[in-house]
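Reader: I am new to this structure and would like a friendly tour. Could you take my questions one at a time?

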Amino acid sequence: MRSNKPRPTDGRNIDPLLGTLAGEGSLQRIRQVDAPPHGEFGSAGKTPGDVDGPSYYGLPVLKEPVWKWYIPAYFYVGGVAGSCAALGAAAAAVDREDFADLARLCDVTAAAGAVVSGGLLIADLGRPGRFINMMRVFRPSSPMNLGTWILTAFGGAATAAAISHYLPMPRWTRGLLIAGAGATGVTLTGYTGVLLAGTAVPIWQGARRELPLLFSASGAAAGGAFLELFSLGKPAEKAVDRFATASKAAELVLTVVFERAVGRVPRVARPLRRGLSGWLFRGSQALTAVSLVLPLLSSRRAVRVTAGVLGTAAALALRFGIIQAGRASARDPHATFEQQRAG
Amino acid sequence: VKVGFFTDTTLCIGCKACEVACKQWNQLGDDGFHLTGMSYDNTGRLGPSTWRHVTFVERDEPQAVLPSFAWLMMSDVCKHCERAGCLEQCPTGAIVRTEFDSVYVQPDICNGCGYCVSACPFGVIDRRQDDGRAWKCTLCYDRLKDDLVPACAKACPTASIQFGDLVQLRTKAEARVEQLKAHGVDGARLYGADAACQKGTEGLHAFFLICDEPEIYNLPPDPSVPTKGLAQSWRAMAAGVFGLAVLAASAVFSARSSR
């Protein structure tokens, strides 16, 4: 019997009435028949003047990371939340009236950041409804799996710590909750560097040791820049300024260390010098430098806020730049070849 | 027993029967029929709905015995690595090792996080954007369970794709390299046959006999499972995290008495 339905246009060319759809790939949801991926056909990524080694029509070896803007945005939000939790724990530990505002602001930021982080990560999934599958296993070999557990623990601790500021409870209970948020917070700030280092992307893999350090420092700088936007009274502002200055300086140094590490194979470092990723990376360095120097020149409120805004822009530019650099790096077959040939 | 593919590229005639058999058996969508301008390769790459891909290299260099112009064709596939980056990095446990020692993505578990895509050193696995999940060659898991040979190997008319017990395939492959070398094909070599041949992945369950540098077939020359260096990264993170904690504490405590 012939079916009167039009032929399926999903590229399978199987009439469901005539053939059984039971193959492994029949479960695939196909809305649009494949287009050339990443537009790479015929545009073999060659720059005039390059003397490249052998390759297969200049096509990429690796697949480009599929993450959308949610992931670099999460790196920023998670960094702010985690480092705020750490500073909040320190502020709560001194236990003085003039640090109470800072401690509360830090813990509320941490709790809000944890919620936003979770939302961003779920939104990035191909099947957001299945986000809970992340927690069906505990797998230490996968930084993303560990990261899910870290974020979950941090979310719980930070929320409890934020609420503890508004509820009467024994001092030691509150202290424990806040310390828990701080301890999980610093881990959240750093693990994202491990997440990227654990991929096959040359520019991320080439900085196995440097990326986690850079993300820790940059997370602290992002948190510091965020807190600079608020007036908190003299000693607390002083603490924020010191935290921000030191972490911005550390971030600046570590971006240089990172670039040198990936530059061991010059081709791998190329995305840091060219294109959108290069602009973002250099721009973030410049913004960090300006926001580092500004508060040292004047302690006026407008100057602090400007430094905070520039520092935030720097933190965002760095994260989007590193993800963009990873895309460019995965697209360049010679980065993969030369890194592996160099050993 | 460990089973896998031995793909002998010297026997490949570029008929793409493996591509068609794979698409047909697994009921995958077509590739949209684009012309790439790259020799006879209009498939371009392995993808979420393309689990076999025949590469066409037009080599135009003087050789010892072969004519200076040579076709080098290779049917590429998921390598089912002994140490598989996608499997080790999968945060949901959707990617598993089967009883045949192949690497299989469970479509009912995968939530499309995309980490495996960046973790594969061969650029095999990919996420289908409209489907949302990651897909790749299953080594015809469904056929193996029914004692059938994978569709591509079954369809291959020249035995370029051979399926079987990995130990036997390796012996066969080594003998074939010797034979080719005796005939003067100096470039013949195995790619990923075992841990000695490819340390980074500890051997591939789908390995190849190639006639030139791996790069011209779009194979990475010395791939490594990305989880191998993770201990270093975790140690660096511990240092960074400790520094961050010290920084927070010293910033607050040093500012305590300022006014």
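Reader: How many of the residues of H6(A) are buried?

Author: Happy to start there! This is a predicted model, in which local features need pLDDT of at least 70, side-chain atom pairs count only at pLDDT 80 or more, and totals for chains, interfaces and linings use all residues. Residues are numbered from 1 along each chain as its sequence is written, chains are lettered from A and ligands numbered from 1 in the order in which they are written, and side-chain values use heavy atoms, with hydrogens and water left out. Buried means under 20% relative accessible area, exposed over 50% and partly exposed in between (1.4 Å probe, protein chains only); H6(A) is mostly covered, and its buried residues number 16 of 18.

Reader: How far does H6(A) reach from its first C-alpha to its last?

Author: The expected span of a helix is 1.5 Å times one less than its number of residues. For the 18 residues of H6(A) that gives 26 Å, and the model comes close to it, with a reach of 26 Å.

Reader: What pattern does chain A follow along the sequence?

Author: Helices (H or I, at least four residues) and strands (E, at least two) are DSSP runs, numbered from the N terminus. Chain A has 11 helices and 0 strands. Read along the sequence, its pattern is α-α-α-α-α-α-α-α-α-α-α.

Reader: How much area do chain A and chain B bury between them?

Author: Contact means heavy atoms within 4.5 Å, and 95 residues of chain A are in contact with 103 of chain B. Buried area is the accessible area (1.4 Å probe) that two parts lose on being put together, summed over both. Carbon and sulfur atoms carry 58% of it here, and the total is about 8,000 Å².

Reader: Which residue of chain A forms a salt bridge with B:Asp131?

Author: A salt bridge is a side-chain nitrogen of Lys or Arg within 4 Å of a carboxyl oxygen of Asp or Glu. The rule finds 3 of them across the interface of chain A and chain B. In one, the closest N and O atoms are 3.3 Å apart, and the partner of B:Asp131 is A:Arg127.

Reader: Why does B:Thr36 count as buried?

Author: B:Thr36 lies in the loop between helix H1 (17–26) and strand S2 (52–60) of chain B. Its side chain reaches the backbone oxygen of B:Asp41 at 2.5 Å, and a polar atom of that side chain lies 3.1 Å from the backbone nitrogen of B:Met38. B:Thr36 counts as buried because its relative accessibility is 9%.

How values were computed: A polar contact is a pair of N or O atoms within 3.5 Å; within protein, one must be able to donate a hydrogen and the other to accept it, and residues adjacent in sequence count only if both atoms are side-chain atoms.
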